[in-house]
Structures are given as structure tokens and as C-alpha cells.
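Subject: Structure handover, with notes on sheets and helix packing

Hello,

Here is the structure I promised to pass on. My notes follow below it.

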Amino acid sequence: MKRAHIKGVGHYLPENVVPNAHFEKTLETSNDWIISRSGIERRHFAAEDETTSHLASHAARAALKDAGLEANDLDALIVATSTPDLTFPSAATMVQHQIGMTGGFAFDIQAVCAGFVFALANANALIVSGTAKRVMVIGAETFSRIMDWTDRGTCVLFGDGAGALILEAADGDGTAQDRGVLATDLNSDGTYRDILYVDGGVSTKTTGYLRMEGKEVFRHAIEKLAATAHTAMDSAGVTSEDVDWVVPHQANIRIIKGTAKKMNMPMENVIVTVQDHGNTSAASIPLALSVGKAEGKLKQGDLVVTEAIGGGLAWGAVVLRW
Ligand code: UT7
């Protein structure tokens, strides 16, 4: 049976690192509050002239280098983002051009913070169906562009960045010992539209700002993330004991810990980057994968579970062997 193996990974973070103290100057907030309620210590913000496609292209080049491939070795390129440079064309076609990929196809996926998991599941489907042999999946965001800087309940939480993963078709024997993507689980429920959304877009002729009922999202997050992770693990035929690494969406250390507990996973087996990146939405999982590999944690053969939830609500999980 065909499997989508991981060939390479890379990431990019804008130069400008913003510590929590930055927000103490303009808002009634504190470094202590931000750390204790979210685990975030700093985040990166894109420069004025840096767009989502620029961040994504940097990450894409890093992943190509890691895989020892050229842009034209790719058949397809997917960018998961809710903050594309323009309404259209897709950020993915902009990245395709910027990295010098002259064939194949490129498109965006929009599932907010769950975007990378949705894109990874779709890339896997393209490979398993024989539609593409090598697919780059990028999560890239510039959430700093949709922050209301007067809203302390949201603006201290988010950051900018990009991560990229390259998948390649390979043969497997259909067991959980195979390398590559083993199982995916995707979900959404539009009844929760109003607890996490942007109050602008094409219909308002504005870009808008992110609005969130943090407590409500938090409540859904722990329950739904553990459930989707278990569904994906069941469908891969693995249990928590088999898992080497959980690589969760990095929104809040309390959500990460609560979900790990529900999954019976010790925190030593969870890759955590939220303290350095904040919540980078669709970029957070590929950023954590890339950092995890660079730190020598993720090794070939390791069993990995990724899980994410975001606006929609949309949530899901992917089980893969590195
Ligand atoms: O990635 C997409 C998914 N998003 C998430 O997963 C985010 C989920 N939600 C969360 O991470 C948490 O709910 C937050 C970090 C957003 C907030 O933590 P919380 O423990 O749920 O706090 P809260 O919203 O209940 O607020 C507690 C208090 C409130 O004051 P009162 O009403 O008790 O007087 C807030 O006004 O903290 C206040 N507060 C702040 N205080 C200082 C809210 N933001 C801040 C702030 N600094 N930045």
C-alpha cells in the first residue's frame, strides 16, 4: 500500500522577537499573567514588508534543503493559512513562484489553527490516491495583521511564522510499523462560528480583527483534541504507549497539558514551543515539528501524533511515523 513518507522539514520565524513586557506598556496586563494563563513568553512579528507568502517561502526553502530536493521535484504545494497576502490568488501560488516551482499545482487550505492538520490529511490523500508523488505542506501565518492591539484577551497570544513538511510516496505493508502518515481524523462544527472569528473580510470590505471567547474555546479544546487524537490512534491501530511524541497545536500550555493528560501522555513526550512562538495558528505544528527535529527529539521511526483545533470550530489529528 502507498504511504506518504516524511522527506524533509523546515521553518522560518521573522527576526522581530517581542517579549511579553512589550504589552505592559500599552495594556493592563503583565508578563506574569501572560505566562501563567498561556505559557507564552515571547512571539515573533513579521516586518512591515514581510507577508505570509514570504515567511512560507523561507520555510519551503529550508524544507527542500533538508530533503535534498529542488522546487521542481515537487508535484504539489499546499499552504494552510487564514492570513494570505491577498484575497486571491492563493498564497500557495505565490510561494510556488517565489521558490521557482514551474510545474505541478498549488492551492491554499483554510481551517484556521487546524489548517496544517487538514492540509496534511489532504496531502496524504493526494499521495495515497496516486494524484501526486511529492507534496510540500506549509503552515504559514501573519496573525499580527489581524490583532486588535487594544484587546488584551487576544493580542498577547498570537505570533507570526511558518513551517513546511515534504511528503513523498513510498510503499508500505499497511501496518502501524510503516513509516509515513498512518491515520487522519478531521472534524468541524459551524455552530460554534461566534466563539472564534475575524469580524471582517470580503463581505465587509475590511480585513477585520480576531475575536475570541477564550474560555469557551478553551473548554472545547481539551475535550475535542483528546477525542480526535484517540480516534486517529484507534484508526492507526496504536495506543498512547506506542507514541513517542505528541506534537500539539501550540495555543496554550494549559490546553497542551490538559490534552496530554487525557491522552495518558507524560509531558516529556510532548514537543512544546508555545513559550517562544505564541499561537501561530496553522504554522504552529510544522514549526514544532521542525524545532523538534532540530533539537534531536524527532528521529526516523518515531511514532508522532499531531492534533489541533481552531475557528469554525475545526479540529483534527494525524498519526504518522517519522
Ligand atoms: O488556537 C485557536 C484556539 N485558541 C485557543 O486555544 C485559546 C483558548 N483560550 C485560552 O487560551 C484562554 O482562555 C486565555 C489564555 C485566552 C484566557 O485564559 P483564562 O484563564 O480563560 O482567562 P479568562 O478569559 O477567564 O480571563 C480571566 C481574567 C478576566 O478578568 P475578570 O473578568 O476575571 O476580571 C480577563 O479580563 O483575566 C483577564 N484578562 C487579562 N488580564 C491580564 C484577559 N486577558 C488578560 C491579559 N492580561 N492579557
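Helices (H or I, at least four residues) and strands (E, at least two) are DSSP runs, numbered from the N terminus.

The model is predicted, with local features needing pLDDT of at least 70, side-chain atom pairs counted only at pLDDT 80 or more, and totals for chains, interfaces and linings using all residues. Residues are numbered from 1 along each chain as its sequence is written, and side-chain values use heavy atoms, with hydrogens and water left out.

An open sheet of 5 strands runs in the order 1-7-6-4-5, with mixed pairing (two strands pair if DSSP finds at least two bridges between them). Strand 1 (2-12) and strand 5 (105-109) are at the edges with a single partner strand each, so one side of each has no neighbour in the sheet. From one strand to the next, the twist averages 20 degrees (angles run from 0 to 180 degrees between N-to-C directions, and axes are lines fitted to C-alpha atoms, for helices over the stretch in contact). Strand 1 and strand 7 (residues 160-171) run antiparallel and are joined by 10 bridges; G8 has I166 of strand 7 as its bridge partner.

Two helices lie across this sheet's strands. Helix 3 (residues 52-67) lies across strand 1, strand 6 (134-142) and strand 7, at about 120 degrees to strand 1. Helix 4 (residues 91-98) lies across strand 4 (76-80), strand 5 and strand 6, at about 140 degrees to strand 5.

Helix 3 and helix 4 also pack with each other, at an angle of about 50 degrees and with their axes 9 Å apart. They are therefore oblique to each other (under 35 degrees counts as roughly parallel, over 145 as roughly antiparallel, 65 to 115 as roughly perpendicular and the rest as oblique). Their crossing is right-handed. The contact (heavy atoms within 4.5 Å) involves S53, H54, A56, S57, A60 and R61 of helix 3, and A91, M94, V95 and Q98 of helix 4.

Strand 11 and strand 12 (residues 303-310) run parallel, joined by 4 bridges, and V247 has T306 in strand 12 as its bridge partner.

Helix 6 against helix 7

Helix 6 (residues 214-236) packs on helix 7 (residues 253-262) at an angle of about 40 degrees, their axes 9 Å apart. That makes helix 6 oblique to helix 7, and the crossing is right-handed. Helix 6 contributes F218, A221, I222, L225, A226 and H230 to the contact, and helix 7 contributes R254, I255, G258, T259 and K262.

A salt bridge

R42 and D276 meet through their side chains in a salt bridge (2.4 Å, N to O); the term means a side-chain nitrogen of Lys or Arg within 4 Å of a carboxyl oxygen of Asp or Glu. R42 lies in strand 3 (residues 42-45) and D276 in helix 8 (residues 274-277), so the pair ties together parts that are 234 residues apart in sequence. The whole structure holds 11 salt bridges.

Best wishes

Conventions:
Left-handed = near helix turned anticlockwise from the far one by under 90°.
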